[in-house]
Amino acid sequence: MKRAWVEKVILLAIALVMVAVYFFVPGIHRTLSTIFRMFASGDFTMVKDFVASYGTYAALISFLLMIFQSVAAPLPAFLLTFANASLFGWWQGALLSWSSAMAGAAVCFFIARILGRDAAEKLASKAGLAQIDTFFEKYGKNTILICRLLPFVSFDIVSYAAGLTSIPFAAFLVATGVGQLPATLVYSYVGGMLTGGAKTFVTALMILFALSAFIFMLKKIYTDKQSAKKT
C-alpha cells in the first residue's frame, strides 16, 4: 500500500514538473507546440523532416516521440512509423517503431495501473476506455492480442485500459508485441514506398484490414468452438 502511494506521488510530481517546464521554458513550449501541429497536420513529411533535423540523434528523438504520442493519445502513431521507414529503411524503421511503441504501451499501462481510472480517462477518453472494457468482458485476457490486430481500435487506449485490469504486465507486453507486429511491418513497408503514390498506400491498408479481419474471424471461431466443447 505504501509503495503504491509513493509511486503515485512520484508520477504526479513528474507530471507537474513537465507541465511547469512546458509553460515556463520557451524553447520546450515551442518544440512541443511544433510537435502537436505536425501530428495534427496528418503530413508524414513534416514528421520526417522534424526527426531528420536532429541528425545523429534522429532515432532517439523518434523513440521519444513515439512514447510521447502514446501518452498523449490519440495522436496518430502511423505518421511516425511512415517517417521512420522513410528515414531509416523499412525494416530498420519497423524495428524502431515496434520497440518504441512497446515502450509507449508500457508507459501507458503503468500510468493507468498506478494512478487509476480518473487519470487514464483524462489522458485517453472516457468513451474509449468504456469501449475497451466491453472487449475485456467478452474476450478476457485475449483482448490485448485481438485489439492489437484490429487497425480501427486505438492502440494507446487499449494500453490504458489494460493497466486498469489485473492482467500481468508480462502477458500484456507479449500480447502487445505479437499483436502490433503485422501492422508495424505493413505500415513500415508502405512508408518506405510512399513516393510511389497513394495507390500503394491504399492497397496496403486494405491488405492490413483484410488480414486483421481474417485473423479476428479465425480467433472468434476457435473461441466459440472451445466454448461449445466445454458446454
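## A first look at the helices and cores

The crossing of helix 5 and helix 6 is right-handed. Welcome to this structure, which is a predicted model.

**Helix 5 and helix 6**
- Two packed helices are described by the angle between their axes and the distance between the axes.
- Here, helix 5 spans residues 78-88 and helix 6 spans residues 90-115; their axes come within 7 Å and cross at roughly 140 degrees.
- That angle makes helix 5 oblique to helix 6.
- On the helix 5 side, the contact is made by Leu80, Thr81, Asn84, Ala85 and Phe88, while helix 6 brings Trp90, Gln92, Gly93, Leu96 and Ser97.
- Sorted by type, the residues of this contact comprise 5 nonpolar, 5 polar and no charged.

- In soluble globular proteins, nonpolar side chains tend to be buried together.
- The largest nonpolar core in this model has 25 residues, and the ones touching the most other members are Ile132, Ile144, Tyr160, Ala162 and Phe172.
- Two or more residues of this core come from each of helix 6, helix 8 (126-139), helix 9 (143-149), helix 10 (155-163) and helix 11 (169-191).
- Beyond its neighbours within four places in sequence, Ile144 is in contact with Phe136, Val158, Ala162, Ile167, Phe172, Ala175 and Thr176.
- There is also a second, separate core of 20 residues, with Val47, Phe50, Ala58 and Val190 among them.

**Leu64**
- Leu64 sits in helix 4, which covers residues 58-71.
- With a relative accessible area of 47%, Leu64 is partly exposed.
- Leu64 and Ser100 are 36 residues apart along the chain, and their C-alpha atoms are separated by 7.5 Å.

Terms used:
Residues numbered from 1 in each chain as written. Predicted model: local features only at pLDDT ≥ 70, side-chain atom pairs only at ≥ 80, totals over all residues. Heavy atoms only, no water. Axes fitted to C-alpha atoms, helices over the stretch in contact; angles between N-to-C directions. Helix = DSSP H or I, 4+ residues; strand = E, 2+ residues; numbered from the N terminus. Parallel < 35°, antiparallel > 145°, perpendicular 65-115°, else oblique. Left-handed = near helix turned anticlockwise from the far one by under 90°. Contact = heavy atoms within 4.5 Å. Nonpolar A, V, L, I, M, F, W, Y, C, P; charged D, E, K, R; others polar. Core = buried A, V, L, I, M, F, W, Y, C linked by side-chain atoms within 4.5 Å. Buried < 20%, exposed > 50% of the residue type's maximum accessible area, 1.4 Å probe, protein only.
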